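Try each one before reading its solution.

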Amino acid sequence: MNYLSENQLNCYKKDGVICVRNAISDVWLDKLASGIEESLRNKSLTGKIISGKNNGGFSGDIDLWYRQDIFYDFFLNSPCSKYAEQTLSSKVVRHFYDQTFIKPAGCHLSTPWHHDITFWPVDLKKNNICSIWITLDAVSKETSGLEFIKGSHLWEGYWKSYGPGNDALVNKDHKDLPDIDSLRSTHEFFCPEMNPGDALIFNAHIVHGSSSNLSLDKPRRAFTSRWCDDKTVFEDRAKTKPITANHNLKNGDFLSGPLFPQVRPSTLASELSLRDKGPIKLSKSKFIKDRVFKDLAGFFSFKNLINLK
Ligand SMILES: O=C(O)CCC(=O)C(=O)O
C-alpha cells in the first residue's frame with residue numbers, strides 16, 4: 001500500500017516539504033501524548049541541557065526511544081517508516097533518531113531559522129534523510145507552527161545550526177543565513193495550519209523555524225522522527241549532535257547497528273536485541289570524553305553540564 005500520492009512525492013522533491021493530513025491515528029497520538037508527558041517528568045541528561053534555563057518553559061529531548069517503549073514501538077510499528085520509504089525513495093529505511101519540541105502556552109522562545117543537516121554527524125553531501133514532524137496540538141503560525149521556505153533544500157551552502165535557545169552547536173565554518181524576512185516577497189513560505197495528528201515531512205537541507213507560542217492556554221507539543229537510507233555516512237564533525245550511547249561507528253561507515261536500526265523492508269534481530277533487553281543507557285563518561293575534551297566550547301561543556309534546570 002502506498003501512503004503518499006505521486007503528487008505529494010513530486011512536491012516533496014520540488015519544495016522539500018509536504019504536509020500530510022491525519023498522518024497518524026488517534027491511538028498513536030494518545031500514545032505519543034503519554035510518552036511526552038513521561039519525558040517531561042523524567043528528562044534525560046541531554047534533555048535537561050537542550051531545555052536550558054530561562055527559555056519560557058521550553059522542553060526538548062532526544063533519543064526518547066532509548067528509554068521509553070512507546071517511542072520504540074512508534075518507530076517500529078507506526079506508518080512513519082512507510083512515509084520515509086516513499087519519501088526517501090529507498091527500499092532500505094533506517095531510524096535515525098527521535099526528538100521532542102514542547103512549547104507551553106505563552107512560551108516566548110522561537111526556533112531560529114536553520115537547516116538540520118549541519119546539526120548531524122553525517123557527511124553533509126552524501127545523505128538522504130527526512131524528518132517527520134507531528135503536532136499533538138492544533139497549530140498556526142501564531143502558536144508556533146513550523147514554517148519553511150519552499151525550495152531552500154536546493155540552496156547552495158551549509159548554514160550555522162541554531163537550536164531553540166541554544167547556540168552550542170554553531171560551527172563558525174558554516175555560513176550565516178541571509179535575512180529571512182527580506183525574502184518574503186520573492187520566496188514562497190509555507191506554514192500550514194495543522195490539527196493534531198497532521199505531519200510535515202521535510203528534507204534535511206530545507207530552511208525552517210517557528211515562532212513563540214502566543215496561545216495563552218494551549219501548549220504546542222511536537223514530536224519529530226528522523227529517517228535515513230542505507231547510504232548515510234557517519235562523520236564525527238565538531239559541533240554536531242552527540243550520539244549519547246556507545247557505538248562502534250568510524251568515520252566513513254554507513255549508519256547502521258543497534259542505534260540506527262533498519263525498519264524497512266524488515267527489521268534485523270541482531271540490531272534490535274540491545275533495545276529488546278531494556279532501555280539503552282546514556283553514557284555520561286562518553287559525553288565527557290566525546291564533547292568536553294574534544295570541543296571545550298561545545299554542547300557538553302562543563303558550563304552546560306552544571307547549568308541544568
Ligand atoms: O518544533 C520546532 O520548533 C522545531 C522543529 C525542528 O526544527 C525539527 O524538527 O527539525
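**Exercise 1.** Find the bridge partner of Ile132 in E8, and then work out how E5 is paired with its neighbours.

*Solution.* Step one: Ile132 has Ile201 as its bridge partner in E8. Before going on, note that this is a predicted model, in which local features need pLDDT of at least 70, side-chain atom pairs count only at pLDDT 80 or more, and totals for chains, interfaces and linings use all residues. Residues are numbered from 1 along each chain as its sequence is written. Strands (E, at least two residues) and helices (H or I, at least four) are DSSP runs, numbered from the N terminus.

Step two: E8 (residues 199-203) and E5 run antiparallel, joined by 5 bridges. Two strands count as paired if DSSP finds at least two bridges between them.

Step three: E5 also pairs with E10, again in the antiparallel sense, over 7 bridges. There, Cys130 has Trp227 as its bridge partner in E10.

**Exercise 2.** Which residues of E5 are buried on one side, and which on the other?

*Solution.* Step one: use the cut-offs. A residue is buried if 20 or more other C-beta atoms, placed from the backbone, lie within 10 Å of its own, exposed if 12 or fewer, and partly exposed in between.

Step two: Ile129, Ser131, Trp133 and Thr135 are buried on one side, and Cys130, Ile132 and Ile134 on the other.

Step three: 7 of the 7 residues of E5 are buried, so the strand is largely enclosed by the rest of the structure.

**Exercise 3.** Which residues have the most contacts inside the largest nonpolar core?

*Solution.* Step one: such a core is a set of buried Ala, Val, Leu, Ile, Met, Phe, Trp, Tyr and Cys residues joined through C-beta atoms within 7 Å.

Step two: the largest one has 65 residues, and Cys130 and Ile201 have the most contacts inside it.

Step three: leaving aside neighbours within four places in sequence, the contacts of Cys130 (C-beta atoms, placed from the backbone, within 7 Å) include Ala84, Leu88, Phe202 and Trp227.

How values were computed. Two residues are in contact if their C-beta atoms, placed from the backbone, lie within 7 Å.
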